[in-house]
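My notes follow the structure.

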Amino acid sequence: MSRGRLLVLRLVATAMLATLLGRLWFLQVVNGAAYVRAAADVRVRSVPLPPTRGQILDVTGRPLVTNTTRPVVTVDAMALAHQPDGGRAVLTRLGEALGRPYRQLAEKVRLCGPSVPQPCWQGSPYEPIPVARDVSVPVALQISERQQDFPGVRTEPRPIRVYPYGRAAAHTLGYVQGAKGRDGLEAAYDRDLAGRAGRTDVAVDNTGRVTRTIRQEPPVPGDTLVTSIDARVQAIAEQALGEALASGGGSSGAAVVLESATGRVVALAGRPAYDPSVWTDGVTAREYRALPLLSQAVQGEWAPGSTWKVTSAAAAAAAGYGLGATYDCPPGYTVGDRVFRNFAGADLGPMTMHGALVRSCDTIFYRLADRLWRRGSDALQRTARGFGFGRPTGVDLPGEAAGAVPDAASKRAQWRATRAEICRRSREGYPEMGDRARAAYLTELARENCRGGGVWRGGDAANFAIGQGGVLVTPLQLARAYAAVANGGTLYSPRVGLKVVRPGGTTVRTITPPVTGRLPASDATLRFLRQALGQVPRTGTAAGAFKGFPFGRIAVAGKTGTAESFGRRDTSWFASFAPDPGYTVVVVLSEGGRGAEGAAPAARAIWEGILGLRERR
Amino acid sequence: MIAVAGKRRLVWAPALGPPDRLLTLLALALSGTGLLLVWSATRMAGGHALLVRQAVAVGGGLVLMWLVSRVDLRVLRAYVPLAYVLALAALAAVLSPLGVRVNGAHSWIVLAPGVQFQPSELAKLALAPAFAVPLAELRDGRRRPGFGVVLLALALAAAPIGLIALQPDLGTMMVFAAMVSGALLVSGAPKRWLLVLFAGAAAAGAAAWRLGLVRPYQLERLLVLVRPGADPGGVGYNAAQARIAIGSGGLSGKGLFNGEQTAGHFVPEQHTDFIFTVAGEELGFAGAALILLAVFVLLWRGLSIARHAASPYGVVLAGGLVSWLGFQTFMNAGMTMGLMPIVGVPLPFVSYGGSATVAGLVAVGLLQAVHRSKPVQP
């Protein structure tokens, strides 16, 4: 018997023990932390708890956007997976109850993965998957009472956005998709409104069954956004705009009401509009394309026409042209080789600048622009920019348009960009065009433009002075410029948001419209402008529209604007303000014709509505 | 069979020395730890049925251990042929329609609903004493077993191993091979024969591989060891989850009954072959290492018993038993930690399973019997 042989076994046993202990140390101590994480990945599932989104209120606390609950049918994918047939029978029964095909439900509840095509569920498999949102209460009850037939199917109330005022201010309010604000105030104040999602960490076993709750973090509801919008004024503006468009004002338009002294937005209406409740049930790609999502009040750009003359008059004053001096207003004025005419070729005789604004004489401004152009002055453009045109106002709404203040440089740049096409047309003409005369005219135009199109000429300056020839403004830009005229020259970046308030009522922050500049006009010039514009609705171009208006109760001042639009009816403007209530009201109708015919009556309706509100109080 | 004579003294134990108390203590401690771990692994499944069954097995095993420890080796040898034949019969019955297939292998016999046993576990108990009989019969004054004796012993081993290969149960086969190798080693068989034997075993293994006698699932289990990413849904999943459970225990563990991986049943077969993962997760390095150390000390005592055994038979028997328990422990702990291929062998004393628990405890009883048997007085 060999003791050496036993020693061999002892050595082998010791080696095995050392191997096992070494491996155990490596797994548990050296790599322990990594395995703890891996264990949590295997075991812990996080289920997000959506927060309640904050409301959007008007200035008096009326809800513009609020929440309500609706029964939503949800399906627990894990519970379905544990059915013997993978949940096929349950989904088929559910489809019968909801009146939907099995396939549609199956697509909604299958979990996204590398080999799973859309549509599929992208969220957590432990989160209830909503399969039907517009469920009637009887169907919801039927499902919740027959739980044995619908394992894993639940009906639960889910918050949805509600719009008590329907289409009113739809663009301004914006919309929410996937718990994220996508447009309007919902997007601009998303961080305030969204709140913070909570979550429940649950432990699951190897079959995915939840065994216990590890941690629960309740969601933090979003803050309430109080706006300066007055729902009643908004309704008045919506109605006035709608009626004006319906009676031949075209398809699009906008109405803006600002508080002149503060730059706060009281009402923003735009057409075409849509009912924001379409977002509640989800929008298909096709429906989405058909929705009029553009907010005409901040994203629509039109030539301002004669409403622009406040900037031209201020430029004239700054350039040394006496506002009280007398100017002749002939029916036409020749710049270069072209005659520029008054509206309808009217001969209005000699008048002061006051009269030029009240009666909207164009030829005085043509001459003014021609003279400044000859001097090589860019006073018109500088003044227009000083009135806030040509750049976004910085309003607290997304996607704002900048408008356009054309000048020599921008014309040259544009010409450079389009020269190749213009010169090709000058050689080849417009053979595809049926109208021979029009084709010949356009070819001639192209020939001129090809040679010297990039040069800023006297004609460009003349058109510019009366708010034509490439000048573009948004209704909000025009409103804040007129508000600045009314308030003594302070140019604000308008704000719709007034303050952010916690659900408990404490104010998180107050939003003040920032001052972005002062109008490049002296107090005397502004006084002159207010006085001249005060005459427009009384005796000037808008006198017809404002016939019988109670100026004694609201001293409305304003300016009509008629902008020619090639091949279409004129764009109709009315920009107005009053000292008490200190509002600025701007209305534009894309094809409203003359300002005095389309926009001015609509603005009058808004003013009368405001008056009615004040006198009811 | 049991007859009592005199004062509480069994007739077949004419002259017994004192038992090795440490050996008994370690067997008790390991079985007790096993019960706690089985409890932890099965408590979330509802009911204590499995725990109770295991407790019954431990209790029965301890009684048998006590009884066996009091048997004189010479008396024991008289019953070896009977036990060996019974074990072979049971192994053959497993392959008959009486056997039940579990995890791809016929390894169970159901005696009555709920009463079943694994003949291969009991066959280990039968083979260890049987194998030692020829090796210890040294005639003609030889100090080492001769070639013929070794061949006879191997023939005795070949029968049960062959039957287990037919089940097929690769893990148990390997345990048997380890037991036979250990017994041969300590029997003092000449080195060159041992070398020839190992070479032959290696050649047979290679031939089995080449001839496709290794089943696909066995191949898979071996491959997983080399490439842990292979077969993530099957054996690879098992290996990965076992490692996660053990690794997440850290130095001090999450505490008994606090193992979250264990509670979630992420490790398949956790209360049986993967019981070591419960120890790893809940008791940490400290507890798991202590279990391994306990087994090691038990084996060390077993080898000491072999060294001081009164007869060559005792040496070979103890050597075989220690090799069996040691190799099986290494295989089991090694496979849960990704060191060894995943072949279904239980952790001695600790894993759930009546047959294995009883076999382990009776093996300790046999070691005690070797320890207590006094040298023959001429």
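Which residue stands opposite A:Glu259 in β23(A)? I looked it up: A:Tyr583 faces A:Glu259 there.

Ground rules first. I am working on a predicted model, where local features need pLDDT of at least 70, side-chain atom pairs count only at pLDDT 80 or more, and totals for chains, interfaces and linings use all residues. Residues are numbered from 1 along each chain as its sequence is written, while chains are lettered from A and ligands numbered from 1 in the order in which they are written.

Sheet. I traced β11 (residues 253-259) and β23 (residues 583-589) of chain A; seven bridges join these antiparallel strands. Strands here are DSSP E runs of at least two residues, and helices are H or I runs of at least four, numbered from the N terminus. Two strands pair if DSSP finds at least two bridges between them. I then read the order of the open, five-stranded antiparallel sheet in chain A as β12-β11-β23-β22-β21. At the edges I found β12 (264-271) and β21 (557-565) of chain A, each pairing on one side only. The strand-to-strand twist averages 10°. Axes are lines fitted to C-alpha atoms, for helices over the stretch in contact, with angles from 0 to 180 degrees between N-to-C directions.

Helix. I found α20 (residues 475-487) of chain A across β11, β22 (568-577) and β23 of chain A, at about 150° to β23(A).

Chain contact. I noted 41 residues from chain B and 33 residues from chain A. Contact requires C-beta atoms, placed from the backbone, within 7 Å. On the side of chain B that touches chain A, α11(B) gives the most, with twelve residues.

Technical notes
Two residues are in contact if their C-beta atoms, placed from the backbone, lie within 7 Å.
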